[in-house]
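Let's walk through a protein model together, one piece at a time. Have the picture open and follow along as the chains come up.

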Amino acid sequence: MAEIADAFATAWRLIASGDAVLLEIVSLSLRVSAAALVLAALIGLPLGAFLGVARFPGRRVLVALLSTGMALPPVVVGLGLYLVFSREGPLGAYELLFTPSAMVIAQALLVMPIVASLTRQTIEDMAREYDEQLRAFGASRLRAAATLLVEARYSLPTALLAGLGRAIAEVGAVMIVGGNIAHVTRTMTTAIVLHSSRGDTPLALALGMILVALAALVNGATEGLREVARRAGA
Amino acid sequence: MPAPDRSAERDSASAILPLTFSGVSFTADERTLLGELAFQIEPGGISVLLGPNGAGKSLVLRLASGLLSPSRGAVRWLGAGARRAREAHAIVLQRPVLLRRSVAANVDYPLALRGIPRAERAARVARVLGATRLAAHAQRPARTLSVGEQQRVALATAWALEPELLFLDEPAAALDPSATRELETAICAIRDEGAKVLMTTHDLAQARRLASEVLFLHQGRLLEQTPASEFFAAPRSEPARRFLAGELLE
């Protein structure tokens, strides 16, 4: 028991003193996951909105694929990308393996289906209310999708935060394509795996505490947005 | 109210009226909801589609505005391509959906869709918000307004499109008397600018106040199209007589 208490105390000191290694890892994690979220949002928001309003053959298959994508095991995505990025792989020439860029792409692949699926659901629900009005205005399907994205501005951040949560907590994909190289591709989750396996619990614990705090922050932001939306009468 | 008189300009440019229904029927799930409608809507005044609930009034408006296509027959505009006709009319739905943005932005939205230049849009928005007595609410989120005010926002939005023909579906269905009066004042102002209005109502008193002609609909059929003064004095059809007498029609 005393050992665990000691570990917590050391972990707290690491956080409080702003330990350089710790900060470096947290900073890289946040930058990788934020970049992945931006990439996923650039694709997922318009794709989800389009699927929410459009009707075409194959749409149901696409929707089902995206839903499946929400539950993709990160290690499998990591393995797939590892093969694609490896020297003999189709994108081997770009030398992305074991770089932060590879990690961004991996997390974007994990997050995009979440953003797209949740956006699709939100926009489809809204379209039921707006469809006839927008047609009466003479809006095209694409224009309607863009308008509904704006109309859903208070609910869509929830989809983005769900994506961010997945990205930042994920370990399998960044471990494989990033390689957990110190100072280069070491994120909070891969560092926790490494340090706890080495028995260096304080740093692992410190990172764990930061991860939990981030999750709480994301959740708080989601709740805050709902409150803003309620006050705006939306 | 700074409302420039555009009626002269409209007459010379008027291209879409009359609107003609020829042999129009509408069927859904093998039930004929509207049968063999044939009538013409001429420029000028307010034509009221009158009839009990379920007579098919809203359906006629949706067919006329192109939101629905007839199962048989044709809806024709005189001397206009489809695109021009679409831009020359506007419709206010019975439950208009306002966007989650300011009142002014709501009015602006369909104007922007039609590619009207920004300066012209701002002028139109200011004009119709003034004319519907909504100018004070221009920057308020539209969905925080009262039901009556929201209905006026929808009417202002349609008005800003400067339609030759304006469709209104039960515009005062859920409104109290003062909100109804505000709305009817605006509708008359739109008519006075030279726009043709075709509206539905099941409210006999409202029809008496507004109609220049009445199209009486009953069970999906058009029983008569009569100038308002004649209709209210001596309707030609038996169901219309009973409707005017205050009976409940099936």
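In chain B, strand S1 (residues 19–28) runs antiparallel to S2(B), and seven bridges join the two. Helices and strands here are DSSP runs, numbered from the N terminus: H or I over at least four residues makes a helix, and E over at least two makes a strand. Two strands pair if DSSP finds at least two bridges between them. To see the pairing for yourself, look for B:Val24, which stands opposite B:Leu37 in S2(B).

Before going on, a word on what you're looking at. This is a predicted model, where local features need pLDDT of at least 70 and side-chain atom pairs count only at pLDDT 80 or more, while totals for chains, interfaces and linings use all residues. Residues are numbered from 1 along each chain as its sequence is written, and chains are lettered from A and ligands numbered from 1 in the order in which they are written.

Back to those strands. S1(B) and S2(B) belong to an open sheet of three strands in the order S2-S1-S4, with antiparallel pairing. Strand S2 (31–41) and strand S4 (72–77) of chain B are the edges, each pairing on one side only. On average, neighbouring strands in this sheet are turned by 20° against each other, direction ignored. Such angles are taken between axes, which are lines fitted to C-alpha atoms (for helices, over the stretch in contact), and run from 0 to 180 degrees between N-to-C directions.

Chain B has another open sheet, with six strands in the order S5-S6-S7-S3-S8-S9 and mixed pairing. Its edge strands are strand S5 (89–92) and strand S9 (221–227) of chain B. Start at S5(B): this strand pairs in the parallel sense with strand S6 (residues 165–169) of chain B over four bridges, and B:His89 stands opposite B:Leu165 in S6(B). Further along, S3(B) and S8(B) run parallel, joined by four bridges, with B:Ser47 opposite B:Glu213 in S8(B).

How covered is S8(B)? Five of its six residues are buried. A residue is buried if 20 or more other C-beta atoms lie within 10 Å of its own, exposed if 12 or fewer, and partly exposed in between, with C-beta atoms placed from the backbone. Helix H2 (residues 57–65) of chain B lies across several strands of the sheet, including S8(B), and runs at about 150° to S6(B).

Now try the helices of chain B. B:Glu87 sits in helix H3 (residues 82–88). Why is B:Glu87 called partly exposed? Because B:Glu87 has 17 other C-beta atoms within 10 Å. Among the buried residues of H5(B) are B:Val125 and B:Leu129. The buried residues of H5(B) pack against H4, helix H6 (147–160) and helix H7 (177–192) of chain B.

Chain A is built another way: ten helices and zero strands. Its C-alpha trace spans about 70 × 50 × 25 Å along its principal axes, and 40% of its 234 residues count as buried. In helix H6 (residues 141–151) of chain A, the buried residues include A:Leu148 and A:Leu149. Helix H2 (20–53) and H5 of chain A are among what covers the buried residues of H6(A).

A nonpolar core is a set of buried Ala, Val, Leu, Ile, Met, Phe, Trp, Tyr and Cys residues joined through C-beta atoms within 7 Å. The largest one has 138 residues, and A:Ala106, A:Val111, A:Val115 and A:Val177 touch the most other members. Helix H5 (residues 100–136) of chain A supplies the largest share of this core, 18 residues.

Finally, where do the chains meet? The contact takes 15 residues from chain B and 14 residues from chain A; two residues are in contact if their C-beta atoms, placed from the backbone, lie within 7 Å. Helix H4 (residues 103–113) gives the most to chain B's side, with three residues.
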